[in-house]
Amino acid sequence: MKKLIVLLAAAAMCACVQNATKNQAAELPDPAAPVALEINPETLTATFEGKLDSLTDARTYTIEARAGQKLCVELTVAEEPANVRINQIIAPSGAADGPFGKSIEYDITEDGTWSIIVAESLMVGEEYTGPFVISATLK
C-alpha cells in the first residue's frame, strides 16, 4: 500500500510540473504577433526595438491613424550595411503597398489600424539577423 501511495504522489507531482511548464510557455509573447505602436501624444512618435532572427523572419507593427495624416517611418540599425527594410504598409481595408527602403513618408488615406511589415529584402544583400529600431511619427 505504501508503494502505491508513493507512486501516486510521484505521478501527481510530475503532472503538476508538466502543467506549470505548459502554462509558462503559453505566457511567452509570440515574436510573430503584431505589436501595437503607442504614439506619444506630446511628440506624436512611437519607437520600438525589434529583432529579426532569420532570413524569412518578419515583424508586424500596427498604428492607429486618420485619413489626411502622414505616416513617417524610419528603421535604424546599429551596424550598416543591414539588409532590413519596410516591406509593406497595409491599410485597414487590406490594400497593401511596398516594398520600401529604411524610411518612408506615406499619406494615410483611410481611418483605422494600419500595419507596417519589417523584414529583409530577399532579392539583395546578405542575410541580416539582429536588432533594429522602428520609429513612427504621425503628422
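Two strands count as paired if DSSP finds at least two bridges between them. Strands here are DSSP runs of E, at least two residues long, and are numbered from the N terminus. With that in place, take Glu74: its bridge partner in E9 is Ser135.

A word on the source. This is a predicted model, where local features need pLDDT of at least 70, side-chain atom pairs count only at pLDDT 80 or more, and totals for chains, interfaces and linings use all residues. Residues are numbered from 1 along each chain as its sequence is written, and side-chain values use heavy atoms, with hydrogens and water left out.

Back to E9. Strand E4, residues 70-76, pairs with E9 in the antiparallel sense, over 6 bridges.

Next, the open sheet. It has 5 strands, in the order E1-E3-E8-E5-E6, with mixed pairing. E1 (35-36) and E6 (96-97) stand at the edges with a single partner strand each, so one side of each has no neighbour in the sheet. Further in, E5 (residues 85-90) and E8 (residues 112-119) run antiparallel over 5 bridges. Gln88 finds its bridge partner in E8 at Ile117.

Last stop, the loop between E5 and E6. Ser93 sits there. Buried or exposed? Ser93 counts as exposed, because its relative accessibility is 53%; the cut-off for exposed is over 50%, with buried under 20% and partly exposed in between, using a 1.4 Å probe and protein chains only. Its C-alpha lies 8.2 Å from that of Glu110, 17 residues apart along the chain.

Note on methods: Helices (H or I, at least four residues) and strands (E, at least two) are DSSP runs, numbered from the N terminus.
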